[in-house]
Amino acid sequence: MSPKKPLIIANWKLEKPLNQALSWVKDHKKELVILTQKSTLIMCPDLCSIYPLHKNLNDTSIALGAQNCSEHAHGPFTGQISAQSLKDAGARYCLIGHAEVRACGDTDEAIARKAAQLIEQGITPIVCVGENAQERDSGATKSILEKQLAPTLVHYMSTPIPLIIAYEPVWAIGTGKAVSSSELEQALQHIYTTCSHAGMTQKPVILYGGSVNEEVARELLQTTKIDGFLIGRASLDFQKFKKIVLSTLGELSILELNS
Ligand code: PGA
């Protein structure tokens with residue numbers, strides 16, 4: 001298990017309107033703050049909720065992330081949001097390349113341009129990659145990961161922004177079917193190799209996402225070199241989210257938190 005604090009990201013997708021998002025945070029703020037003693041937490045609510053949640057959490061170390069951003073800095077792009085606006089609203093992180101966004105037409109090149117916009121604003125991208133079921137069955141996982149990462153890695157050659165990659169197999173998102181330890185370890189090794197072949201000097205922080213629950217998180221953290229998790233459905237319910245975070249900490253840490 002990584003000696004660093006596990007990095008846990010909640011991806012609320014289109015599931016919590018502003019008032020619900022704000023109540024979730026207000027109701028559980030005390031416990032969330034305790035959890036951050038031993039883990040790093042990033043909440044990714046919908047766009048409208050970023051600023052109010054940032055205001056509510058800015059006396060804590062809990063960070064806000066967006067779920068997507070424009071590949072453009074400004075211009076006639078109705079309905080889009082720039083990296084600068086996300087920064088002004090208090091976002092320190094932003095998911096890019098999530099499978100659900102790729103499914104709407106985001107290409108690897110567009111995702112790379114989003115990374116460039118975010119890096120320029122000092123926002124840390126969370127670069128989501130992963131193969132679909134057909135690609136997995138045909139043994140194409142490694143080449144898909146390389147293809148998805150290549151254009152984005154170019155933007156990390158001379159930046160202090162950390163490279164955070166979320167490996168999220170499409171077949172595991174929202175299906176209740178999580179990856180096995182051995183399959184995850186293979187994907188991790190391949191991502192490390194891809195990054196070093198691309199000339200990256202920094203080691204990427206790699207998260208796993210896809211049907212993460214308490215048991216999956218505990219097992220994968222104990223048996224692989226994963227640095228944390230990107231959690232969708234299970235992050236909507238505070239008790240489930242808390243159990244996942246606690247399951248990543250090890251028994252001693254839980255005792256310390258309870259005392
Ligand atoms: P899930 O979603 O945890 O509901 O599978 C993960 C994600 O889409 O980031």
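The lining of the largest pocket splits into seven nonpolar, nine polar and seven charged residues. (Ala, Val, Leu, Ile, Met, Phe, Trp, Tyr, Cys and Pro count as nonpolar, Asp, Glu, Lys and Arg as charged, and the others, Gly among them, as polar.) Bear in mind that this is a predicted model, where local features need pLDDT of at least 70, side-chain atom pairs count only at pLDDT 80 or more, and totals for chains, interfaces and linings use all residues. Residues are numbered from 1 along each chain as its sequence is written, and side-chain values use heavy atoms, with hydrogens and water left out.

**Pockets**
- On a 1 Å grid over the protein atoms alone, a pocket is an open set of points where a 1.4 Å probe fits, with protein on both sides within 12 Å along at least five of seven lines; lining residues have an atom within 4 Å of a point.
- The largest pocket has 23 lining residues, with G174, S211, G232, R233 and A234 nearest its centre.
- For the second largest pocket, 15 residues form the lining, and K13, Q67, N68, E100 and V101 are the closest to its centre.

**Barrel**
- Eight strands close into a barrel in the order β1-β2-β3-β4-β5-β6-β7-β8, with parallel pairing (strands are DSSP runs of E, at least two residues, numbered from the N terminus; two pair if DSSP finds at least two bridges between them).
- β4 (residues 91-96) and β5 (residues 124-129) are a parallel pair joined over four bridges.
- L95 has I126 in β5 as its bridge partner.
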